[in-house]
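Colleague: I have a chain open on my screen and would like to go through it with you. Could you take me through it slowly?

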Amino acid sequence: MEFFKRIFAKKKDQEVVKIEGNNEKKIQCNSENCGCKSCEHKEEKSGDYLKNICIQIETIPCEPNPYFVVNDESAKFFEEFEIRMTTIYRMYSINSIFLKEYQKVSRESLTSTRDNEKEFSKYSKCYFINNNAFKEIHHMSNLLNIFMIFEVLLKNITKDIAYDKHLDLEEIQNKNMSYLNSYILFLEEAMKNRFSLDENERNFIGIVRKIRNDYLHDYMTEIPESIEKEIVKIFNLRTGKRITVDEYFIENTCKIFGEIAKRLESSYWEYKNKFLEK
C-alpha cells in the first residue's frame, strides 16, 4: 500500500498562491526557472533551458459550448453530440492556452542562446520544427474531431429514420458518393420541407471533408487554391487572403456544424411527431 501511495503521490514542484489585496489578485510562483510572467529568475544558468510553464486554467470547466445545446428533452444522439462538442471545445481552449505560453517561453529560450552559435543552431532547428508542427497538430486534430462527431450525428439520425421506413443503413450508403453525402441526401428527402442545406453549407461540408481526408491520408495541410476561393466566397473574405486551418477556421466550422445540428434537431422532432401520429 505504501508503494502505491508513493507512486501516485502528487509532486509539489510548483506552488501557486493567490494573494488578495486591494481587491486585486496576484500570483506568486515558487518554481525555479519558471517561464511565467510573475517569475523572472535573473540567475538562470547558461545552457539551462528546462523550464516550468505556469498557466492559469479552470480545472473544472463547466461552461457549455457556444455552438449547440440540446432542448430540454431530446434524442440520445443529439445529447451525445452536445457532450462531444463541449469536450472538444474545452480541450481546444485549454490546449490553446498552454500552446501560447509554451511558444512564448520557447522563444525566450531561443533568444538566450544567440551568443553561442552552436547552441543557437541546435536549438533553433528544434524550435522552428516544434513551433510549426504543434500549431498544425493542435488545429488539425480539432478539425478531425469536429468532423467525426458531425458525421456520426448524421449517421445516427439516418439510422433512426431508416428504421421507421424499414430500411437498413447499408441500403442508404451510396457506393458512388461519400457516406456523409448519402446521409444528407436521405435526410433531406425523408424530412422534405422541414430540413435542407443551402449551397454554402453544402460546399463548406465538402471543403472540410476534403481537408480532413488530405490530412488523414496524405498528411497534407496545404489548402488548394480552388478550395481557398470557395472559402473566401462563403465567408465573404478579402480576395487573395491566404487560408489556413487556424482559430478562425475552427470557430466557423463549429458554428456552421452547430447551426445545422440545431435545424436537424428541430426538423427531426417535427418528423417524429408526425410519424407517431400515424
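Predicted model: local features only at pLDDT ≥ 70, side-chain atom pairs only at ≥ 80, totals over all residues.

Colleague: What is phi of asparagine 236 near?

Modeller: Phi of asparagine 236 is near 55°, which is a positive value in a residue other than glycine. As background, most residues other than glycine have a negative phi.

Colleague: Which other asparagine has a positive phi although it is not a glycine?

Modeller: That is asparagine 193, where phi is positive at about 70°. Asparagine 193 belongs to the loop between α5 (179-190) and α6 (199-218), and because its relative accessibility is 80%, asparagine 193 counts as exposed.

Colleague: Let me step back for a moment. How many helices and strands are there in the chain?

Modeller: The chain has 8 helices and 2 strands. If you follow the elements from the N terminus on, they run α-β-β-α-α-α-α-α-α-α.

Colleague: And what share of the residues count as buried?

Modeller: The chain has 278 residues, and 37% of them count as buried.

Colleague: Now the helix packing. At what angle do the axes of α2 and α3 cross?

Modeller: The axes of helix α2 (residues 76-111) and helix α3 (residues 117-164) cross at roughly 175°, and they come within 11 Å. Angles over 145 degrees count as roughly antiparallel, and α2 and α3 are therefore roughly antiparallel to each other. The residues of the contact of α2 with α3 divide into 19 nonpolar, 13 polar and 4 charged.

Colleague: Then what about α3 and α8, are they roughly parallel or antiparallel?

Modeller: Helix α3 and helix α8 (residues 247-277) pack at an angle of about 10°, and their axes are 11 Å apart. Since angles under 35 degrees count as roughly parallel, α3 and α8 are therefore described as roughly parallel to each other. In the contact of α3 with α8, the residues divide into 18 nonpolar, 3 polar and 4 charged.

Colleague: Changing topic to charges: how many salt bridges does the structure hold?

Modeller: The structure holds 13 salt bridges.

Colleague: How far apart are the closest N and O atoms of glutamate 101 and lysine 104?

Modeller: In the salt bridge of glutamate 101 with lysine 104, the closest N and O atoms are 3.9 Å apart. Both residues lie in helix α2, and they are 3 residues apart, about one turn of the helix.

Colleague: Is glutamate 101 buried or exposed?

Modeller: Glutamate 101 counts as buried, because its relative accessibility is 13% and buried means under 20%. Glutamate 108, in turn, is partly exposed, with a relative accessible area of 39%.

Colleague: Which residue does lysine 229 form a salt bridge with?

Modeller: Lysine 229 forms a salt bridge with glutamate 225, and the closest N and O atoms are 3.9 Å apart. Both of these residues lie in helix α7, 4 residues apart, about one turn of the helix. Lysine 229 is exposed, with a relative accessible area of 54%, and glutamate 225 is exposed, with a relative accessible area of 54%.

Colleague: Let me try the surface next. Which residues form a nonpolar patch there?

Modeller: The patch is formed by Ile55, Ile57, Ile97 and Phe98, which together have about 290 Å² of accessible area. Isoleucine 97 lies in helix α2, and at 37% relative accessibility isoleucine 97 counts as partly exposed.

Colleague: One last stop: where is glutamate 171 found?

Modeller: Glutamate 171 is found in helix α4 (residues 169-172), and glutamate 171 is exposed, with a relative accessible area of 53%. If you select glutamate 171 and serine 182, which are 11 residues apart along the chain, you will find that their C-alpha atoms are separated by 10.0 Å.

Note on methods. Residues numbered from 1 in each chain as written. Heavy atoms only, no water. Axes fitted to C-alpha atoms, helices over the stretch in contact; angles between N-to-C directions. Parallel < 35°, antiparallel > 145°, perpendicular 65-115°, else oblique. Nonpolar A, V, L, I, M, F, W, Y, C, P; charged D, E, K, R; others polar. Patch = residues over 30% accessible without salt bridge, like charges linked within 9 Å, V, L, I, M, F, W, Y side chains within 5 Å. Areas by Shrake-Rupley, 256 points an atom, 1.4 Å probe, with all protein chains shown as cover. Salt bridge = Lys/Arg side-chain N within 4 Å of Asp/Glu carboxyl O. Buried < 20%, exposed > 50% of the residue type's maximum accessible area, 1.4 Å probe, protein only.
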